[in-house]
Amino acid sequence: MKNPIITSIFTADPSAHVWEDGKVYIYASHDMDPARGCDLMDRYHVFSSEDMVNWVDEGEILRSDDVSWGRPEGGFMWAPDAAYRNGTYYFYYPHPSGTAWNDTWKIGVATSKKPASEFTDQGYITGLGGFAMIDPCVFVDDDNRAYMYYGGGSKCAGGELNDDMMSMKNEAIEMEGLEDFHEATWVFKRNGIYYLTYSDNLDGLNQMRYAISDNPLGPWTYKGVFLEPTGCSTSHGSVAEFKGQWYLFYHNQEISNQGNLRSVCIDYLHFNEDGTIQTVVQTKEGGIKPVGPSPAANPNRIVYEAKQAAVGGGAALQPDDQGNVVIGSLDGEGAYCQFDQLDGLGGGRTSIEIRYATAERLAKLNLTVNGEDFSLLNALSTGSLSDYTGITNITVPFKAGAINSVKLAGGNGELRIASIAVSSFED
Ligand code: FUB
C-alpha cells in the first residue's frame, strides 16, 4: 500500500466508519482541481475497502447544488462525517447558508438507506452553526446514544442528538480541557475511554492533538500531539478500528504540493498500555498491510481499447513499442479522444478506469461524461511513455444501455492512453 491512498482526485478530511456490511468507508471532502483556496470544494465522494488496501471510489453522494438552503454561489462543502442508525445512513456536512461564508455555517444532513449512494438532503440541524463552526463529527456510544461535535476557530462544542439524528436534545456545550484547539473534531471510544482528537494552530503546519475523558461530553484531559505536521497547512483525521487493528486516516499534500489540493492517507495507530496514543509514523510505501484477500473483480467490467476511440484537435492514434494502438498527442490545445456507445448496462454508478503511460510527475486528464464536465483527473508518472501501468479512475453516473460517451483531453505534458474500462455497480 502506498500513501496517499486516493490518487486520481484530490480528497481531504477523511471520516472513516466500519458499517454492518463489514467494509470500511471513507467519507471525504473533495478538493476540486484547479482550486481557489478552499472555496470551490464540492461533490463529496465516498470510498470503500474490504482489506484496507484496495479502495473503491463509490462515486459522488452530494454537491452544493443539491442543498436548497445553501449559499447561492455554492462550493464550501467542507469536512463531513456519517453515522448509521436503524437502517438509515446519515451524512453530515458543514456548508454556509449565505454569501458571507464564514459567518453563516450550518450543519447539513442528508440520508440514505445505502452507505454510499442515493443520499437526499434533509436540511440542517437547527441550533447549530455560526462563525467558523464547521467539521461535524457524530459519535454513537455503546448504549446507542448519539453525540454531535463540531467547531472551528478556537471553539469546540458538543451535545446529544435526538433519536431522529437530525436535531439536538439540548444546546451544544463547549468542550472543556482541550489545548490549542483549531478544528477537525473526531470522537471515538476504546476500552471505556472517550478520545477527542482535533487539529491545532501550529503556524502553517497544523498537527493533530487529543484529549481523553470518561464522559462523552467531557470535561477532557489534554494528552498531547499524536500526528506531527504532514507538510500541509491543515490537518484533519479520523480514527477507526477494522478487523482488530486501529488506524489513523488523515490528509497531506504529497501529490500536488498545494495545501488546497490534498490527498487522503492511512497509517497504523498504536496505543500504549495506559491508553495513551503513540505518535503516528507517517509512511509513503508499505505502511498498511492487507487484512484479507483482495476483493473479486467487478463482473460487469468492459474494456474498450484505444483503437475504438475517435480522436480530434491534433490527438493521434499511434503504435506503442509493441505495435499496439494507443492515443497520443493529447496535451495540445483542443486535442481530445472520445469513446462512444459505452455500455452502462442498467444505468447508474459506473467506474471509469483509464490505463495510461506518462513520464510527467503529475499529468492531467480532463474528463467529460455524456457532456458533463467531471473536472481533472490526476495521472501520476509511470516512469516512461512506454509503461502503461498507470490507472486513474473515478465513478460517475452512466445512462442505461450502450449510449454513453466519455471524452478525455490531456494536460501538463505528454500522456498516452492504452484503454479505458467501465464497470457498472450493482445498485
Ligand atoms: O477542508 C476544508 C477545511 O480544512 C476543513 O473543514 C478543515 O478541517 C480543514 O481541513
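How much space lies in the second largest pocket? About 630 Å³ lies there, in a model that is predicted, where local features need pLDDT of at least 70, side-chain atom pairs count only at pLDDT 80 or more, and totals for chains, interfaces and linings use all residues. Residues are numbered from 1 along each chain as its sequence is written, and side-chain values use heavy atoms, with hydrogens and water left out.

A pocket here is an open set of points, on a 1 Å grid over the protein atoms alone, with protein on both sides within 12 Å along at least five of seven lines, and a lining residue has an atom within 4 Å of a point. A volume is the space filled by probe spheres set on the points, which are joined across faces, edges and corners. Lining the second largest pocket are 23 residues, and those nearest its centre are H17, V18, W19, F139 and V140. At least two lining residues come from each of β1 (10-18), β5, β9 (137-140), β13 (183-190) and β17 (238-242), strands being DSSP runs (E, at least two residues) numbered from the N terminus. The largest share, 4 residues, is supplied by β13. By class, this lining holds 15 nonpolar, 3 polar and 5 charged residues, where Ala, Val, Leu, Ile, Met, Phe, Trp, Tyr, Cys and Pro count as nonpolar, Asp, Glu, Lys and Arg as charged, and the others, Gly among them, as polar.

Strand β5, which contributes to that lining, also belongs to an open sheet of 4 strands in the order β5-β6-β7-β8, with antiparallel pairing. Because β5 (81-85) and β8 (120-124) stand at the edges with a single partner strand each, one side of each is left without a neighbour in the sheet. Between β5 and β6 (residues 88-96) the antiparallel pairing runs over 5 bridges, and two strands count as paired if DSSP finds at least two bridges between them. A82 has F91 of β6 as its bridge partner.

The largest cavity contains about 100 Å³ of space, and of its 13 lining residues the closest to its centre are H30, M32, F374, S375 and I394. Two or more lining residues come from β2 (24-31) and from β27 (372-380), and β27 gives the most, with 3 residues. Domain 1 (10-268) and domain 2 (301-424), whose bounds come from an automatic or database domain assignment, both give residues to this lining, so the largest cavity lies between them.

Technical notes. 1 Å grid on protein atoms, 1.4 Å probe; cavity = no way out; pocket = protein on both sides within 12 Å on 5 of 7 lines; lining within 4 Å.
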